[in-house]
There are 2 protein chains.
Amino acid sequence: MTTDLAIARQARKLPIPEIAARLGLTPEDILPYGHDKAKITRQALAALEGRPMGHLVLVTAINPTPAGEGKTTTTVGLGDALNRVGKRATICIREASLGPNFGMKGGAAGGGRAQIVPMEEMNLHFTGDFHAITAAHNLLAAMIDNHLYWGNALGIDSRRITWRRVMDMNDRALRDTVVGLGGPSNGFVRQSGFDITVASEVMAILCLATGLDDLQARLGRIVIGYTADRQPVTARDLGADGAMTVLLKEALQPNLVQTLENNPALVHGGPFANIAHGCNSVIATVAALRMSDYVVTEAGFGADLGAEKFLDIKCRMAGLRPAAAVLVATIRALKMNGGVEKADLAAANPGAVRRGCANLGRHIENLRGFGLPVVVALNHFEGDSDDEIAAVQGFCTEHGVKAVLARHWAEGGAGAEDLAREVVAMAEAGRADFHTLYPDAMPLWQKIETVCTRIYRASHAEAAPGIRQQLEAWEAAGHGAMPVCIAKTQYSFTTDPARRGAPEGHVIPVREVRLNVGAGFVVAICGEIMTMPGLPRHPAAETIRLDADGQIEGLF
Amino acid sequence: MTTDLAIARQARKLPIPEIAARLGLTPEDILPYGHDKAKITRQALAALEGRPMGHLVLVTAINPTPAGEGKTTTTVGLGDALNRVGKRATICIREASLGPNFGMKGGAAGGGRAQIVPMEEMNLHFTGDFHAITAAHNLLAAMIDNHLYWGNALGIDSRRITWRRVMDMNDRALRDTVVGLGGPSNGFVRQSGFDITVASEVMAILCLATGLDDLQARLGRIVIGYTADRQPVTARDLGADGAMTVLLKEALQPNLVQTLENNPALVHGGPFANIAHGCNSVIATVAALRMSDYVVTEAGFGADLGAEKFLDIKCRMAGLRPAAAVLVATIRALKMNGGVEKADLAAANPGAVRRGCANLGRHIENLRGFGLPVVVALNHFEGDSDDEIAAVQGFCTEHGVKAVLARHWAEGGAGAEDLAREVVAMAEAGRADFHTLYPDAMPLWQKIETVCTRIYRASHAEAAPGIRQQLEAWEAAGHGAMPVCIAKTQYSFTTDPARRGAPEGHVIPVREVRLNVGAGFVVAICGEIMTMPGLPRHPAAETIRLDADGQIEGLF
């Protein structure tokens, strides 16, 4: 069997200046990082301003299952296929977090013949963006404790500091810590902790900022905690926003790499898809749109969480208007949504596929609710039977959408040309009439309820009175126009990860709300959300090593 | 007044492939990081094996004072000057730590017309080496707590874990922490803390490793703590060495940049100069020696600490044989060593200069004790009077060494040509007969005493019986052949930073000893050594920002 890694290593990569040239960029427009990675310079980005934008295509998916859906693989395959059918298409995806790769194997960028390379670097340090975010986040943390140490002129209540530290590592022992021990010269003792870097508000900010000025303004608005009389204290109050911006100056420039078929891919930013919006950077997407006929991008998790945030947070803030949505499903994942266990997936079961299509249908309706034309990409696996495929196609026909069989995993872009042609047809027919789910002016609690009832199909959302009072207080303080970002399990429309399919009438309990003024959204936490993972009993790190040729073993 | 930063920004940098070409390297031999930084590939380094080595010149200094000596500036100026007098010379210096730049302004690479560029990047993320070291260090820490969490099969005594975490940030609140709070799912509660990244043993290891295999072997030997019956537990026992090596694969490749005069400089690694050996990497120095007639490098602090460690640790381990030592002094610093306060430095005072020369003379004797020919580089400042200069030259003549006036700060390499010619004369006459201060076979305590009495001119070293027993136990465990690394104030030959000049007959108290099996030395701590700095009342971070042109303000 040929693994993703083996295929990636056989890639015939072009020198990165040649990939840049396909976007109309000169060697001076990029900052190379080795011979196969580059950043697009701030100056080159500025020169793109005012150019017309290509069509933006969102790739999203049914609710994830252990069977795998292949959303990134489809994003890459579709991008390659669009180039094959004569369109200048660029792929925009997120960067990978380094830490989790040392826990479980994984982390590839696509799979099979639909991958982005260099795969290993992209899963390790890449161009250092996440390290820069870690440094900027932790500089602010150091400045908070330093402010307390030197007399606390701002009157920060050390019990009400909400800004923690971050590390790009799975390290459960850092979730809850006490800092400042050891006596007067080490500061004041207080309880705090670490999140993983992708959970940092700085990550979300970097991915939503439109430029250096906007980046600094957003960083300055970060609320790090409160004074004894409950007044917010910001990063700007501490004078940290300028230095944080300096640390992020390089990281704000998007990274250019390539697919196995030598098409351009911008891989930039990677916020959590639960407590944050889970999309690659606005800067990368906008730059790609200005240099391409088509930009294929993806959102985190399934369409209920990922697409909703892409549309209601990223597209709202950046003024983006997607032309079409591609909804990825697999026969295997539909079977699991139809009640089949993972161990039984090998057996053909058209009935279960048909039942699982309820999940697919719900996402189709939801995406249409945003005014987007939808095509279903049926990501083909070898064991899929004709009857099962026919079941999906029948279901989709009944619902007025096409289900296109896509074989990019096995065949690369050539396997997704039908899908590409369908996307082009939808986009060029101008069928999209995009609108967000709710207006800015809607009260925050009503926004939460709208997502819960219209997208998750809950009967209602519920929260303790304190939470609704908190939302009202934020509205009074001028933050009411923000979109909401709901942190919930990705496995179900409900808050119970085991409830697959298309449940409705459930209740969504809102446990906690958080104000991310810098990122510009209010987070509503529904259920347990882990912001610092741990390592498993036998972490991948134990077997990751260099082989005799200096190549990495055990990472994938 | 033209600042270092203004001069650096006016630099007419050559594209980095052109600098590489001066070393005989092709564009494929380097990995560019932008257009003015690159790493030399592992493959290119391997191709250098067996080539003859050029002359290695050590730049060191009298004991540092607040007046400034200009050791790095002289290293750069001498490198430029050697190129001007017809030698192919390469400069090898350390990388800067990011964190401290947000405390105090500073951190340039040289000064005046003797600088290495790009100065800003070198003081921020540069090529990400320190971030990689941080990640590798903290992966090991995460694996330790993870091992405890999953049953502690190795029987680690959680009270005897010596491996802390690191961050490249000045953050005093992290010096002493408690981790693992929050209940069973977060692990076991224990006390720990953070050091700054440059204090990591991983940093020292990276700088002493001769290649990837040696790197992994050294990482594997790191002792992270002890079992209940006091048996050491290593990184290899935890299976962490392979993954740490993978994280450091890119960082092990030396960084190529250039001087203002477009001469090559390798800037690679930066261990602390107290608890570690304070030199740039062996890999960079060896590579530079194989590509150059002359390599000019520097050691940390004054010659008592820095040169001794360079010679007894780095040169011993790597089999390097320096050809000459350049001892940097300034009139101002000699005046301070002669008892003048900083406020009074402007007034000419040949008598104080003469008194301060005692410090210079002591270092000359010490360097000669290693079998090295010595030249004094008198780093010229505008206010230096002729009488003061004559005082130094007279002193040096009496002691049989030349004192060469060097004006590289104002004039670049042209100002240090006399110095370069003297260095060439010493090196080509083959006057060096280098030997380390003590043999490998000497017992550890005797090694400590030898450095204290022969270099610091103490009457003796003293330590509690437990410390000497500890050293004997390490000898019994097979670690007796290691060199010692003494952590002591850099301001004095004594442990009292206020005692300038050339004191003798004092006592050096050894407070603690540490075993760095991976780095391969025993650290003897004499006095308070800070391994995690704090920020000042008004950290530089408060004024660091981008100006309207996107250039960094406030960093220098």
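B:Cys452 is buried, at 0% relative accessibility. B:Cys357 is also buried, again at 0%. This is a predicted model, and it holds zero disulfides over all chains.

A disulfide needs the two sulfur atoms within 2.5 Å. B:Cys452 is in no disulfide either: the nearest cysteine sulfur belongs to B:Cys526, at 5.7 Å.

## Where the chains meet

Chain B brings 64 residues to the contact, and chain A brings 64 residues. Together the chains bury about 5500 Å². Carbon and sulfur atoms give 67% of that area. On the side of chain B, B:Trp150, B:Arg172 and B:Val246 lose the most area to chain A. Together they make up 11% of what that side buries.

Polar links also cross between the chains. There are 31 residue pairs in polar contact, counting those with both residues at pLDDT 80 or more. Several elements of chain B each supply at least two residues to the touching side, among them strand E1 (30-32), helix H6 (129-149) and helix H9 (241-248). H6(B) gives the most, with 10 residues. By class, this side of chain B has 35 nonpolar, 18 polar and 11 charged residues.

## A salt bridge between chains

Two salt bridges run between chain B and chain A. One of them pairs A:Arg165 with B:Asp171, at 2.9 Å from N to O. A:Arg165 lies in strand E8 (residues 165-167) of chain A, while B:Asp171 sits in the loop between E8 and E9 of chain B, so the pair joins two chains.

## Salt bridges within chain A

The whole structure has 56 salt bridges over all chains. In one of them, A:Asp36 pairs with A:Lys13, with the closest N and O atoms 2.7 Å apart. This pair links distant parts of the chain, 23 residues apart. A:Asp36 is in the loop between strand E1 (30-32) and strand E2 (38-40), and A:Lys13 is in the loop between helix H1 (4-9) and helix H2 (16-22). A:Asp36 is buried, with a relative accessible area of 10%. A:Lys13 is partly exposed, at 37%.

A:Arg218 and A:Asp214 form another salt bridge, at 3.0 Å from N to O. They are four residues apart in helix H8 (residues 212-221) of chain A, so about one helical turn separates them. A:Arg218 is buried, at 9% relative accessible area. Salt bridges also form a network that links A:Arg84, A:Glu261, A:Glu417, A:Asp418 and A:Arg421.

## A covered helix and a buried threonine

Helix H7 (residues 201-208) of chain A is mostly covered. Eight of its eight residues are buried, including A:Glu201, A:Met203 and A:Cys207. At the start of H7(A), a side-chain oxygen of A:Ser200 reaches to within 2.9 Å of the backbone nitrogen of A:Val202.

A:Thr127 is in the loop between helix H5 (119-122) and helix H6 (129-149) of chain A. A:Thr127 is buried, at 9% relative accessibility. Leaving out residues up to four places away in sequence, A:Thr127 touches A:Tyr33, A:Lys37, A:Lys39 and A:Asn255. With A:Asn255 there is a polar contact, side chain to side chain, at 2.7 Å.

Definitions and conventions: Residues numbered from 1 in each chain as written. Chains lettered and ligands numbered in written order. Predicted model: local features only at pLDDT ≥ 70, side-chain atom pairs only at ≥ 80, totals over all residues. Heavy atoms only, no water. Buried < 20%, exposed > 50% of the residue type's maximum accessible area, 1.4 Å probe, protein only. Contact = heavy atoms within 4.5 Å. Buried area = accessible area lost by both parts, 1.4 Å probe. Salt bridge = Lys/Arg side-chain N within 4 Å of Asp/Glu carboxyl O. Polar contact = N/O pair within 3.5 Å; in protein donor to acceptor, adjacent residues only side chain to side chain. Nonpolar A, V, L, I, M, F, W, Y, C, P; charged D, E, K, R; others polar.
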